[in-house]
Amino acid sequence: MGNQNQKREGTKKKRKDKKKKHHAYALIVLIFYIQEVEVSGNEYCDSQEIVECVQNDKLSKNSLYVLAKYSLGQGKKPECLDTLKVSMKNPWTLKITVKEKTRVGCVKSGKKYSYFDQTELVVNETEVKDSKIPVVSGLKIKKNKLYSQIKTTNQTKFSEIVEACGESQRYGIYPEKIYVKDQQIYMDFGNVRACLGNQVSAEQIAQIRPILKKLGDKTGILHLESYSENNTTITFEMEDISQEN
C-alpha cells in the first residue's frame with residue numbers, strides 16, 4: 001500500500017509540475033505576443049511590406065522568436081532595403097529600424113515612375129515624382145519591373161547614365177532629367193543644359209555646381225564633354241533650350 005501511495009503522489013506531482021510548466025509557457029507566449037510593430041527609417045519603402053516580410057511565418061507573432069531569428073542572421077528583408085534591424089520596445093512591441101537603398105534615378109512608363117539604385121535595380125514604383133531624382137530618357141527600356149534590373153537597348157550607355165546620376169547626388173546637384181541624344185549624355189538644370197559627352201567622369205560632375213552659381217539666370221548649354229584632368233577647357237553657349245528635347 002505504501003508503494004502505491006508513493007506512486008500516486010509521484011504521479012500527482014508530475015502532473016502538477018507539467019501543468020505549471022504549461023502555464024509558464026502559455027504566460028511567456030502571451031506576454032511576448034506581438035501586438036504592435038513600429039517601423040522607422042523608411043521614406044519610400046512601404047511599412048506594411050516591411051512588416052509582412054519580417055512576420056513571414058506562423059511563429060513570427062512572437063517577439064522573442066523574431067528577435068532571435070534576426071540576431072542569428074536568418075531573417076529576410078525587402079529588396080528596397082540596405083539594412084534591417086529588429087529590437088523590442090517592450091515584450092509586445094517590435095521595433096524595426098531600416099535603411100533604404102538610395103534611389104539615384106528613374107524611368108517613366110505611362111504615369112508610373114520606376115526608381116532605381118546604383119546597381120540599376122528597380123527599388124520603388126510610384127506615380128509620384130521626387131524633385132531631387134532625375135528622369136532618365138533617350139534609351140528604349142526593355143524591362144523595368146520592381147526588384148529587377150533595368151534592361152535597355154544600350155546597357156553600356158545606361159550604366160554611364162547611372163554613374164552620372166550617382167555622381168550628381170554626391171556633389172549635391174539635382175538635374176531634372178538625364179538623357180541620351182546622338183550618343184551624347186545631357187543633364188538639364190532648368191535653364192542650363194550640361195553636355196557630358198559619351199562618357200561620364202566624377203571630374204566633370206564636380207564642375208557643374210560652382211558654374212551654375214556663376215551663371216545665375218543665363219540660358220544655354222554648358223560644354224563639359226572635353227573636360228578632363230589634362231584638358232580643363234569649359235565653354236558656355238548662350239542658347240534658348242526651352243523648345244529642345
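**Close-up 1. The salt bridge between R193 and D188 in the predicted model.** R193 pairs with D188 through a salt bridge (a side-chain nitrogen of Lys or Arg within 4 Å of a carboxyl oxygen of Asp or Glu), and the closest N and O atoms of the two residues lie 2.8 Å apart. R193 is buried at 3% relative accessibility, and D188 is likewise buried, with a relative accessible area of 4%; buried means under 20% relative accessible area, exposed over 50%, and partly exposed in between, computed with a 1.4 Å probe on protein chains only. K177 joins D188 and R193 in a network of salt bridges.

**Close-up 2. The salt bridge between K89 and E38.** In this pair the closest N and O atoms are 3.0 Å apart. K89 is exposed at 52% relative accessibility, whereas E38 is partly exposed at 25%.

**Close-up 3. The salt bridge between R103 and D130.** The closest N and O atoms of R103 and D130 are 3.0 Å apart. R103 sits in the loop between strand 3 (93-100) and strand 4 (105-109), and D130 in the loop between strand 6 (122-126) and strand 7 (135-137), 27 residues apart. R103 is buried, with a relative accessible area of 14%, while D130 is partly exposed at 26%.

**Notes to all views.** Residues are numbered from 1 along each chain as its sequence is written, and side-chain values use heavy atoms, without hydrogens and water. Because this is a predicted model, local features need pLDDT of at least 70 and side-chain atom pairs count only at pLDDT 80 or more, whereas totals for chains, interfaces and linings use all residues.

Conventions
Helix = DSSP H or I, 4+ residues; strand = E, 2+ residues; numbered from the N terminus.
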